[in-house]
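This briefing concerns the salt bridges and the nonpolar core of one protein model. The sequence and structure are shown first.

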Amino acid sequence: MPVLSSWNTKVHEIPRAGLSGQRQATAQERSAIADRLEIPDCISLSADYRIKNAGKGRFALTGTLTAQLRRTCVITLDPIIETVRERLDCVFLPPDKIPQLQIEEEEALTAQEFEPIVSDTIDVGRIAFEVLSAGLNPFPRKPDAQMETPPQKPKDNTAPEDGDQHPFAALAKLVRDPKKKP
């Protein structure tokens, strides 16, 4: 079941001049979003958007999605707050009018995104959830968190020379003196 199903708009409810909307996710919707995204908490989620009739059965959805989420730092495992602010921008068409073109990867980055109108409904909630999902930082971390790597022990148990700490030190020695074994 969609987590933001109450955000749907029937096409017959959209006036010719368009429709502006503002939505705030309820506590229940935020809880469902956190569960679906497998994050500790969705603190807030809102969208300001506009749906306008683009003619020939098409409807354009534009706007902004803003969310505050409680996440876990991948380095320290401490809780952090992530703010997501993303654009909503797509065109809804009747399913039989969506182009079935094979788009090259380069063209796909600039291509207009088409979404189906299902049961005469513009599914703003589904788009909002997908945009939120895509906008999440895959590796959230505290601003000052740094990964510490332990110094590597040389295989011959001698103390490492300066500059030999990195993983390609032996390769660097070969490049400097190809006749000498590392």
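The notes below cover the basis of the model, its salt bridges and its core.

The model is predicted: local features need pLDDT of at least 70, side-chain atom pairs count only at pLDDT 80 or more, and totals for chains, interfaces and linings use all residues. Residues are numbered from 1 along each chain as its sequence is written, and side-chain values use heavy atoms, with hydrogens and water left out. The structure holds seven salt bridges (a side-chain nitrogen of Lys or Arg within 4 Å of a carboxyl oxygen of Asp or Glu). Its largest nonpolar core has 33 residues.

**Salt bridge between two loops**

- Asp78 and Lys142 form a salt bridge in which the closest N and O atoms are 3.0 Å apart.
- Asp78 lies in the loop between strand 4 (58-72) and strand 5 (79-93), and Lys142 in the loop between helix 3 (124-135) and helix 4 (169-176), so the pair ties together parts that are 64 residues apart in sequence.
- Helices (H or I, at least four residues) and strands (E, at least two) are DSSP runs, numbered from the N terminus.
- Asp78 is partly exposed at a relative accessible area of 30%, and Lys142 is also partly exposed, at 25%.
- For these classes, buried means under 20% relative accessible area, exposed over 50%, and partly exposed in between (1.4 Å probe, protein chains only).

- A salt bridge joins the side chains of Arg126 and Glu115, at 2.8 Å from N to O.
- Arg126 belongs to helix 3 and Glu115 to strand 6 (residues 114-116), so this pair ties together parts that are 11 residues apart in sequence.
- Arg126 is partly exposed at 25% relative accessibility, whereas Glu115 is buried at 8%.
- Arg126 also forms a salt bridge with Asp123, with the closest N and O atoms 3.7 Å apart; Asp123 is buried, at 17% relative accessibility.
- Through shared partners, salt bridges join Glu115, Asp123, Arg126 and Glu130 into one network.

**Nonpolar core**

- A nonpolar core is a set of buried Ala, Val, Leu, Ile, Met, Phe, Trp, Tyr and Cys residues joined through side-chain atoms within 4.5 Å.
- In the largest core, the residues with the most contacts inside it are Leu4, Ile33, Leu45, Ile122 and Leu132.
- Two or more residues come from each of helix 1 (27-37), strand 3 (41-55), strand 4, strand 5 and helix 3.
- Helix 3 gives the most to this core, with six residues.
- Beyond its neighbours within four places in sequence, Leu132 is in contact (heavy atoms within 4.5 Å) with Ile33, Leu37, Leu45, Leu65, Ala67, Leu69 and Val84.
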